[in-house]
Amino acid sequence: MPDPDRHICGALLAGMLALLTAAPHAHAGDDKTPLVIDGLRLINGTQLYCKSIGTGIPLLIIHGGPGLDHSYFLPQMAKLADTYELIFFDQRGCGQSTLHVDSASMTLDALVEDIDKVRDAYNLNTVNLMGHSWGGLLAMFYAIRHGDRLNSLILVNSTPPTSALRDSSFRIMAARRSPADSVQEAAVVQTAEFKRRDPSAIQEYFRLMFRGAFRNPHDEDELNLTFRPDYGQRSGLLKSLGRDTTLQHYDLLSNLESISCPVLIIGSDYDMIPPASNQAIHDHIRDSRLVILKNCGHFPFIEAPAQFFPAVRTFLEKVQDR
């Protein structure tokens, strides 16, 4: 997903047993509300905000962006917390993770290593990993480098495995903007609130930008977008990530062949990600299954829950039975 700072500097390319810097907060659940434990943890030299929901088989979930945080998965993704321990974290520099990050550490390598250190912080030798959108690209890099630490991999509307296909998805998303949305978006960008990165203006901008990512634009109202008052400083950190040459030009297709764990690839028939992307991932991973959801855009846990959640549950049940 592109970052709003592309109007200024160009588009950005789209843990429990660790030493704690703050005590985790436990929110006791009842029969209807799953247990939630959250707080900052010292992970890979920075303080990352981590949250676990529910109990059961661990599922580590990587959010999209760059520049978003885990909150857009909720409350919808919590439907899995009856069976799984859902582990979320805000990527370095994002959401509720610390703002005090060396800009030189804003690299793909650091973000991939953060995933591994979160896994280690939860004392997991191996883990089931899910990545959505930009988080899917990070998850693919992780699987290539640390495949022996995965039980399974789920890629949900993942950023494509090549920069060429990624750029194609940006063009598709831009083409879906209606003239009215484009006018509104341009107007928001010119406001004083947007220029000082006021959270309400940033939220309005992203809602307009994501409207074309939904098959039914009205579903966009269900997307939980949260931006903090310090988003302006955080977006400055993301400019450093945009300078990482690994993200500017990449092709993972041949590397995907090294992934040996079971992989579920979830795409959607109305996604901005071109169909060739999901098919290419499927073709290069030996033990993979491709599921294309119908009448759905980029956020299937919001748009197509009756298709999305059974697909995830069925896949993970089969992984556990192996």
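## Basis of the description

Helices (H or I, at least four residues) and strands (E, at least two) are taken here as DSSP runs, numbered from the N terminus. The model is predicted, so that local features need pLDDT of at least 70 and side-chain atom pairs count only at pLDDT 80 or more, while totals for chains, interfaces and linings use all residues. Residues are numbered from 1 along each chain as its sequence is written, and side-chain values use heavy atoms, with hydrogens and water left out.

## The loop between E4 and E5

Two cis peptide bonds are described in this part of the chain: one joins Gly65 and Pro66, with omega about -5°, and another joins Leu74 and Pro75, with omega about 10°. Pro66 lies in the loop between E4 and E5, and the loop between E4 and E5 is also the place of Pro75.

Strand E5 (residues 84–89) is largely enclosed by the rest of the structure, because six of its six residues are buried, buried meaning under 20% relative accessible area, exposed over 50% and partly exposed in between (1.4 Å probe, protein chains only). In a regular strand the side chains alternate between the two faces of the sheet. Both faces of E5 are covered, with Tyr84, Leu86 and Phe88 buried on one side and Glu85, Ile87 and Phe89 buried on the other.

Two strands pair if DSSP finds at least two bridges between them. Strand E3 (residues 46–53) runs antiparallel to E5 and is joined to E5 by four bridges, whereas strand E4 (residues 57–62) pairs with E5 in the parallel sense over five bridges. Ile87 of E5 takes part in both descriptions, being the bridge partner of Ser52 and standing opposite Leu60.

Strand E7 (residues 150–156) and E8 run parallel and are joined by four bridges, with Val156 standing opposite Ile266 in E8. E8 also pairs with E9 in the parallel sense, over six bridges, and here Val263 stands opposite Ser288 in E9.

## Packing of H5 against H7

The axes of helix H5 (residues 179–189) and helix H7 (residues 199–210) come within 10 Å and cross at roughly 160°; axes are lines fitted to C-alpha atoms, for helices over the stretch in contact, and angles run from 0 to 180 degrees between N-to-C directions. H5 and H7 are therefore roughly antiparallel to each other, a term for angles over 145 degrees, with those under 35 counted as roughly parallel, 65 to 115 as roughly perpendicular and the rest as oblique.

Contact means heavy atoms within 4.5 Å, and on this basis Asp181, Gln184, Glu185, Val188 and Val189 in H5 meet Ala201, Glu204, Tyr205, Leu208 and Met209 in H7. The residues of this contact of H5 with H7 divide into six nonpolar, one polar and three charged, where Ala, Val, Leu, Ile, Met, Phe, Trp, Tyr, Cys and Pro count as nonpolar, Asp, Glu, Lys and Arg as charged, and the others, Gly among them, as polar.

## Asparagines with positive phi

Asn123, found in the loop between helix H2 (108–121) and strand E6 (127–132), has phi near 60°, a positive value in a residue other than glycine. Asn123 is exposed, with a relative accessible area of 54%.

Asn295, although not a glycine, has a positive phi of about 50°, and its place is in the loop between strand E9 (288–293) and helix H12 (300–303). Asn295 is exposed, with a relative accessible area of 56%.
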